[in-house]
Amino acid sequence: MSGEIENVLQEHRRFPPAADFAAEARLSSEEAYQRMLRESLDEPELFWGRVARELPWMQPFERVLDWSKRPVAQWFVGGKLNVSVACLDRHVNSVRSGKRAIVFEGEPGDRRTLTYQELHQEVCRFANALKARGIKKGDRVAIYLPMVPEAAIAMLACARIGAAHSVVFGGFSAPALRERILDGGCTAVITADGSWRRGLVQPLKAQVDEALSSCPDVHSVFVVQRAKNEVVWSARRDVWWHDAVALVSAECEPEPMDSEDLLFLLYTSGSTGKPKGIVHTTAGYLVGTYLTSQFVFDLRDEDVYWCTADVGWVTGHSYVVYGPLSNGATVVMYEGAPNTPHFGRFWEIIERHKVTIFYTAPTAIRSFMRWGDEHPKKFDLSSLRLLGSVGEPINPEAWIWYHQIIGQGRCPIVDTWWQTETGSIMITPLPGLTTTKPGSATRPFFGVDAAIVDEHGNELGPNQGGFLVIRRPWPSMLRGIWGDMQRYVDTYWKKFEGRFYFAGDGARRDEDGYFWIVGRIDDVIKVSGHRFSTMEVESALVSHAAVVEAAVVGRPDNITGQSIVAFITLGPGFKPSSELRADIDKHVIHEIGKVARPAEIRFTEALPKTRSGKIMRRLLRDIAAGIETVGDTSTIEDYTVLAKLRAYED
Ligand code: WTA
């Protein structure tokens with residue numbers, strides 16, 4: 001393995017923190033940082049216990065960590081609290097009551113602001129609306145909404161009554177939504193009539209209707225009126241959000257939740273087909289997102305903070321909703337596309353709302369670069385003081401562009417490595433303290449014992465590529481995979497015999513101890529920062545009547561990081577044609593959604609396989625990328641297949 005990950009990046013530029021930023025920073029001396037880091041690793045119970053006590057408990061915890069049921073950790077054992085109280089009531093009962101919590105801008109240009117007090121009332125109302133339909137502690141509720149304030153309200157309302165939410169990204173199609181509703185055993189769905197995307201209405205309610213045709217346990221669907229498009233209505237099952245909240249009180253007692261009670265499920269792709277319902281619980285998740293928001297984004301009361309992620313992904317959970325709100329921050333939310341109605345939409349939003357902290361993904365940064373510097377240059381970006389990046393490795397070229405054009409050479413960049421499974425940021429610079437290197441997520445956060453190891457779990461030396469592992473539990477770690485604890489053990493713990501958490505990423509650590517993540521080493525493709533398993537796309541492909549076999553690989557892409565290339569073989573009687581290709585494309589979109597659509601579909605007579613019948617993905621990856629194969633091909637069954645794959649035109 002260590003020889004497999006080539007280390008091609010030679011990046012020597014250094015960006016020490018600016019003196020004025022450092023002067024105000026939470027941590028600006030290496031000694032203070034080392035002291036805090038040492039405590040977090042040597043005395044984690046002391047460290048995390050102190051952080052946790054900053055949050056409002058209904059009943060104090062008795063023990064900070066119980067790791068006796070490994071690999072399932074229990075944090076803050078015996079404590080009771082409610083996440084919505086930490087995010088809302090705490091601020092409403094303080095000087096922050098009239099402070100803006102959410103500043104929303106819709107794609108068509110509509111705007112709405114909710115203060116902490118108003119958000120609190122909306123959350124309580126909707127929590128009562130959920131209760132009125134019989135939804136209670138322990139239930140699971142699917143949320144399939146655009147980026148509108150109701151998404152955050154719905155999540156917090158579920159948390160308030162102790163129901164777990166399962167947010168499904170609005171770009172997923174009906175079958176993908178159905179699969180997640182069924183797997184999670186959801187009994188209610190919260191959606192909208194439609195959402196705005198690039199000037200068009202995406203009919204969300206229609207997708208829900210299709211998904212629910214075979215979800216007998218769903219008794220209620222709450223519908224936000226957003227786009228005012230036509231919807232089909234089931235009087236028994238459907239209820240308009242505005243009707244549901246009209247008749248209920250704006251007060252709702254928060255449910256006391258055990259530290260380890262389920263807070264949410266979030267589905268993510270692994271290397272096998274079925275999406276995994278990642279389990280996050282109450283207190284540990286809150287503590288992790290709370291502390292990282294504070295230290296990584298240096299959140300202050302005056303900040304206007306904008307994380308562009310959709311709530312359908314973990315970044316939207318941790319750094320649009322729970323992390324910033326538990327810190328009492330002002331959060332910007334934008335519904336639509338970055339290039340609608342013009343290519344400067346994001347920069348216009350930053351100028352209008354005087355955004356100070358901006359957190360986005362490398363794929364977006366690369367699009368901005370391609371669209372041209374003239375767009376950001378038209379707007380006043382002088383309010384910005386900190387930039388963040390997440391979701392995939394950021395190439396140094398994009399880092400430098402982000403630093404110069406958006407940050408105007410002034411703003412530190414925090415390149416944050418973490419995962420749906422980790423719940424909160426794990427490897428990251430601390431602004432004002434860490435000297436950054438373009439392309440490196442730098443050093444582990446407090447309490448994170450990250451290492452690079454070889455196949456046998458031995459720690460590797462500087463600049464040796466290997467597997468990224470975490471060697472001890474942390475509060476916001478996943479507690480399992482919903483309904484499949486064995487898969488949890490197999491996916492994350494088996495590789496190193498239960499000793500380490502296996503992240504599935506390849507990485508190296510340089511001579512300064514900085515981590516350089518090189519990407520996934522399993523069959524997960526990251527398109528625009530979103531994880532897809534090759535298996536999931538393959539099963540969508542083979543469910544088309546004409547397709548007998550499919551292999552999907554990732555191809556490097558200048559904008560989206562990777563794009564999906566599908567190799568397919570057709571059944572008897574089917575001939576390659578552009579019509580058939582279009583039909584297969586349509587089929588995948590119907591099954592999963594546009595997000596997982598292959599950029600290219602290639603027909604082939606057969607797929608290259610080893611003698612044991614395993615598809616040789618490495619070869620397919622090279623072919624997809626247009627690289628000549630130089631590796632060992634002696635295990636290939638039919639050499640002619642290779643030549644044909646390369647040559648095949650429809
Ligand atoms: C990748 C997103 C390099 C990585 C929060 C990880 C990154 C996967 C970075 C998790 C980064 C995320 N540098 N790679 N700063 N951040 N990744 O679950 O491969 O959508 O395992 O969580 O994204 O993706 P997920």
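In the predicted model, four strands form an open sheet in the order β21-β22-β24-β25, and their pairing is antiparallel. The edge positions are taken by β21 (450-453) and β25 (515-520); each has a single partner strand, so one side of each is left without a neighbour in the sheet. On average, and with direction ignored, neighbouring strands of this sheet are turned by 45 degrees against each other. Within the sheet, the antiparallel strands β22 (residues 466-470) and β24 (residues 501-509) are joined by four bridges.

The domain assignment of the protein gives two parts, domain 1 (19-507) and domain 2 (525-646). Taken over C-alpha atoms, the centres of domain 1 and domain 2 are separated by 32 Å. To the contact between them, domain 1 contributes 26 residues and domain 2 contributes 20 residues.

The largest nonpolar core comprises 167 residues, and F126 and F297 have the most contacts inside it. Helix α6 (residues 149-161) gives the most to this core, supplying ten residues. Both domains take part in this core, with at least three residues drawn from each of domain 1 (19-507) and domain 2 (525-646). Another core lies apart from it and holds 29 residues, including Y334, W347, F368 and L381. In soluble globular proteins, nonpolar side chains tend to be buried together.

The surroundings of F126 can be listed by residue. When residues up to four places away in sequence are not counted, F126 touches I153, A154, A157, I190, F222, W241 and V245. Among these contacts of F126 are I153, A154 and A157, whose numbers fall within the range of α6 (residues 149-161).

Helix α6 also packs against helix α4 (residues 83-92): the two axes come within 8 Å and cross at roughly 120 degrees. The crossing of α4 and α6 is left-handed. On the α4 side, the residues that meet α6 are V83, S84, V85, C87, L88 and D89. Their counterparts in α6 are L156, A159 and R160.

Terms used
Residues are numbered from 1 along each chain as its sequence is written. This is a predicted model: local features need pLDDT of at least 70, side-chain atom pairs count only at pLDDT 80 or more; totals for chains, interfaces and linings use all residues. Side-chain values use heavy atoms; hydrogens and water are left out. Two strands pair if DSSP finds at least two bridges between them. Helices (H or I, at least four residues) and strands (E, at least two) are DSSP runs, numbered from the N terminus. Axes are lines fitted to C-alpha atoms, for helices over the stretch in contact, and angles run from 0 to 180 degrees between N-to-C directions. A nonpolar core is a set of buried Ala, Val, Leu, Ile, Met, Phe, Trp, Tyr and Cys residues joined through side-chain atoms within 4.5 Å. Buried means under 20% relative accessible area, exposed over 50%, partly exposed in between (1.4 Å probe, protein chains only). Domain bounds come from an automatic or database domain assignment. Contact means heavy atoms within 4.5 Å. A crossing is left-handed if the near helix is turned anticlockwise from the far one by less than a right angle, and right-handed if clockwise.
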